[in-house]
Every structure is written in structure tokens, then in C-alpha cells.
Amino acid sequence: MTHLDKMDLKLLAELQKDGRLTNNELSDRIALSPSQCSRRRTRLEAEGYISGYHAAIDRQKLGLGLMVVISVTLATHNRDNAKRFGELLADLPEVLEAYALTGEMDYHLKVVTRDLNDLSRFVNDVLLPHDSVQHVKTSIVLNVLKDFEGLAVQ
């Protein structure tokens, strides 16, 4: 990997705000030629600094009105159990993010469902019966005070 200079960081910051920017638009924003923007963007993609481009979709417009943080404690703490739990999560579209943690709980999951009935089904029919899970604690999100808007790259 190469060292990132100020222009690379500016380019990353602008693409993070709007991944649909053309090289001409990017050129206007960071004061670099479109061809240089194209070369830098291609290099940053090839080196893995840019891992993809995604559309930000409004979950509530899709009917996914309930966001929940779920804390999970595993039944046993060994590699096979953690692997089984990870495999369970991989197939659950309700789980937006999952983090393995140190401390009291083993995992925190960011989950969206349509309503309380869907949440109940998810917890009682999917998580709790799984042999890797010992304890589940749910916390319903009342308000999002800050949502992910990108990394601080400058």
C-alpha cells in the first residue's frame, strides 16, 4: 500500500459524502484534473481503501420501523460455539451489524424489524433456541442521536 497524501484524503472525503460523483465533479471539488482523480480513485480501490459503493436506504420507508440493540451471551466460550453463532448471524437479514466484545456481554447486534411482533419472533424463535446462545438482552432504540456519516479522513 502506498502512503496517502492530502489529495487522496480529500478524494476519499468527497466520495464518502457522495459515491456517485463523476471524475469531473470530483475534480471540481478537490481542484485536481479529472484524469488524476480517475487514476487516484482506481488506485484507492485497488489498494482496498475504497471497499465499495452503497446507497443509503431509509429503513422506515421500507417498513422497518423498530431498531434494537441486542446483547448476547454465549452458552459456552469456545471457538466452535462462537463459529456456530457467527454462522447463524450470517443468514439473518434483520442483523445490520454485529460486534464481538470484551466485557460482560459477548456480542452486540444492531437489528431492525417491522414491529414488536417481529422482534419477539426474532428473539424467541431465532436467537434464544439456538444452542450457542445462553442469554439475550434487548434495548429498543428510542432516538438516533448520531448515525454513521463516514470516517474522519482529513
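Reply: Let us begin with strands: two strands pair if DSSP finds at least two bridges between them. Helices (H or I, at least four residues) and strands (E, at least two) are DSSP runs, numbered from the N terminus. This is a predicted model, in which local features need pLDDT of at least 70 and side-chain atom pairs count only at pLDDT 80 or more, while totals for chains, interfaces and linings use all residues. Residues are numbered from 1 along each chain as its sequence is written, and side-chain values use heavy atoms, with hydrogens and water left out.

Me: What do strand 2 and strand 3 form, and which residue in the turn has a positive phi?

Reply: They form a hairpin with six residues between the two strands, and G103 in the turn has a positive phi of about 100°. Strand 2 covers residues 95-100 and strand 3 covers 107-113. The two run antiparallel and are joined by five bridges; in one of the pairings, A98 has L109 of strand 3 as its bridge partner.

Me: In which sense does strand 1 pair with strand 3, and over how many bridges?

Reply: Strand 1, residues 66-74, pairs with strand 3 in the antiparallel sense over seven bridges, and M67 stands opposite V112. Strand 1 also pairs with strand 4, again antiparallel and over seven bridges. There, V69 faces S139 of strand 4.

Me: How many residues of strand 1 are buried?

Reply: Buried means under 20% relative accessible area, exposed means over 50%, and partly exposed lies in between (1.4 Å probe, protein chains only). In strand 1, eight of the nine residues are buried. Strand 3 is likewise mostly covered, with six of its seven residues buried.

Me: Which residues touch the most other members in the largest nonpolar core?

Reply: A nonpolar core is a set of buried Ala, Val, Leu, Ile, Met, Phe, Trp, Tyr and Cys residues joined through side-chain atoms within 4.5 Å. The largest one here has 20 residues, of which I70, V72, F85, L109, F122 and L127 touch the most other members. Strand 1, helix 4 (79-90), strand 3, helix 5 (116-127) and strand 4 (133-140) each supply at least two residues of this core. A second, separate core has 13 residues, including L12, L15, L21 and L44.

Me: With which residues is F122 in contact, leaving aside its neighbours within four places in sequence?

Reply: Contact means heavy atoms within 4.5 Å. With those neighbours left aside, F122 is in contact with I70, L92, E94, V95, V111 and L127.

Me: How many salt bridges does the structure hold?

Reply: A salt bridge is a side-chain nitrogen of Lys or Arg within 4 Å of a carboxyl oxygen of Asp or Glu. The structure holds ten of them. One joins D8 to R40, with the closest N and O atoms 2.8 Å apart. This pair links distant parts of the chain, since D8 belongs to helix 1 (residues 6-17) and R40 to helix 3 (residues 34-46), 32 residues apart.

Me: Which side chain meets D8 in a salt bridge of 2.6 Å, N to O?

Reply: That side chain belongs to R43. R43 lies in helix 3 and D8 in helix 1, so the pair ties together parts that are 35 residues apart in sequence. R43 also forms a salt bridge with E47, with the closest N and O atoms 3.6 Å apart. D5, D8, R40, R43 and E47 are linked in a network of salt bridges.

Me: Why do D8 and R40 count as buried?

Reply: D8 counts as buried because its relative accessibility is 1%, and R40 because its value is 14%. E47 is buried as well, at 19%, whereas R43 is partly exposed at 24%.

Me: Where is D106 found, and what is its nearest side chain of opposite charge?

Reply: For charge, Lys and Arg count as positive and Asp and Glu as negative, while His and the chain ends are not counted. D106 is found in the loop between strand 2 and strand 3. It is buried yet has no salt bridge, and the nearest side chain of opposite charge, R84, is 12 Å away. The D106 side chain does reach the backbone nitrogen of L74 at 2.7 Å. Beyond its neighbours within four places in sequence, D106 is in contact with V72, T73, L74, H77, Y99, A100 and L101.

Technical notes. A polar contact is a pair of N or O atoms within 3.5 Å; within protein, one must be able to donate a hydrogen and the other to accept it, and residues adjacent in sequence count only if both atoms are side-chain atoms.
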